[in-house]
Amino acid sequence: MDGTINGSVNMIGYGLAAIGPGIGIGLIFAAYISGVARQPEAQGRLQSIAILGFALAEALAIIGIALAFVLS
Amino acid sequence: MTYAAAVVRSDGFTPPGPGDFDLPAVGGGGETFELFGQSFVLGLTKPMLQLVLAAVVVFGFFYVASRGRAMVPGRLQFIGEGAYGFVRNSVSRDIIGARDFAKYVPYLFALFFFILVNNLFATLPFVQFPTFSRSGMVYGLAILSWVVYNGAGIRRHGFFGYFKHQTVPPGINGPMLILLVPLEFMSNILVRPVTLALRLFCNMFAGHLLLILFALGGEYLIFELSGWYAPVGLLAWVLFIAVAFLEILIQFLQAYVFVLLNAMYISGAISEEH
């Protein structure tokens with residue numbers, strides 16, 4: 001089999017690095033959904049908190065993708 | 001040759017990369033110059049035109065929508081008021097608080113719609129390029145946000161008062177301060193604009209790269225590799241459409257997150273207590 005894969009190992013590393021933020025974002029929205037299910041009138045307050053937490057957890061994945069392209 | 005080898009043949013498919021975002025200058029020109037070890041195009045490029053176009057579109061729409069102010073709003077005025085009310089109430093007032101928010105509404109409002117229109121350019125036919133997938137465009141916005149929230153805090157607390165407010169957590173004293181003050185300074189002053197810029201840039205960049213990959217990969221599977229690869233290529237194109245809809249959601253969400261974080265930083269900078 002002469003198949004060769006060209007590319008950067010950085011991309012595999014980025015794939016691994018994206019697992020953590022993925023789990024984190026899942027936990028944030030799980031908590032948000034169950035919070036709204038318990039207390040629907042709190043949705044307005046919970047939404048901005050959930051989006052903020054999502055943005056902070058996502059920042060890790062974002063830094064990862066930036067470094068995957070920058071480091072070579 | 002096995003199937004796996006046929007797919008990963010290195011002479012065939014060339015995957016899209018960051019180089020696809022380096023657009024040539026509009027209308028020829030195209031002299032390049034070197035700075036910081038990178039080559040830049042000297043001239044007017046498509047993202048620059050899109051920035052100006054977005055500013056004109058946002059200004060024009062809200063000027064027209066608010067010109068014929070009536071007690072009973074028409075359709076255009078209704079849309080304009082709804083958009084304004086969204087940023088004013090559910091972002092500015094809920095985050096900054098009813099006492100100080102009015103001063104920052106014009107900034108947050110303009111920022112939200114400027115970013116939103118620039119992001120939607122990625123999906124708009126015949127434009128189809130997200131302005132903020134060029135990192136330089138985002139750094140400008142991040143520097144602006146940094147100046148605004150630090151300026152608001154310095155005006156409220158004074159220069160040294162503001163730095164004490166941002167770097168010294170309440171209820172901490174003694175040797176822990178040696179550990180915490182540099183950390184808080186890093187987190188609140190230095191890292192914030194960087195993550196703000198990278199978040200918007202990387203979302204736009206990665207999303208657009210994903211779309212290019214699905215489109216080119218599907219095309220390659222259908223037209224270059226025949227036989228059983230063609231249905232897989234069609235599946236790639238179906239996913240391309242699905243991801244394009246996901247991208248519209250992300251474009252809106254990123255504009256919202258950028259403005260929400262701006263409001264939170266301003267709110268943290270001007271608050272009296274933590």
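Which residues are exposed on the other side of α2(B)? They are B:Val52, B:Val56, B:Gly60, B:Tyr63, B:Val64 and B:Arg67, where exposed means that 12 or fewer other C-beta atoms, placed from the backbone, lie within 10 Å of the residue's own, buried that 20 or more do, and partly exposed anything in between. This is a predicted model, in which local features need pLDDT of at least 70 and side-chain atom pairs count only at pLDDT 80 or more, while totals for chains, interfaces and linings use all residues. Residues are numbered from 1 along each chain as its sequence is written, and chains are lettered from A and ligands numbered from 1 in the order in which they are written.

**Helix α2 of chain B**
- The buried residues of α2(B) are B:Gln50, B:Ala54 and B:Ala65.
- Seen down the helix axis, these buried residues fall within an arc of 45°, so they line one face of α2(B).
- The cover over the buried residues of α2(B) includes α3 (75-96) and α4 (105-120) of chain B.

**Packing of α2(B) with α4(B)**
- α2(B) and α4(B) pack at an angle of about 125°, their axes 9 Å apart, with axes fitted as lines to C-alpha atoms over the stretch in contact and angles running from 0 to 180 degrees between N-to-C directions.
- Residues of α2(B), including B:Leu51 and B:Val58, meet a set in α4(B) that includes B:Phe113 and B:Val117, contact requiring C-beta atoms, placed from the backbone, within 7 Å.

**Chain A**
- Chain A has three helices and zero strands, helices being DSSP runs of H or I of at least four residues and strands runs of E of at least two, numbered from the N terminus.
- Buried residues make up 10% of the 72 residues in chain A.

How values were computed
Arc of directions from axis to C-beta. Contact = placed C-beta atoms within 7 Å.
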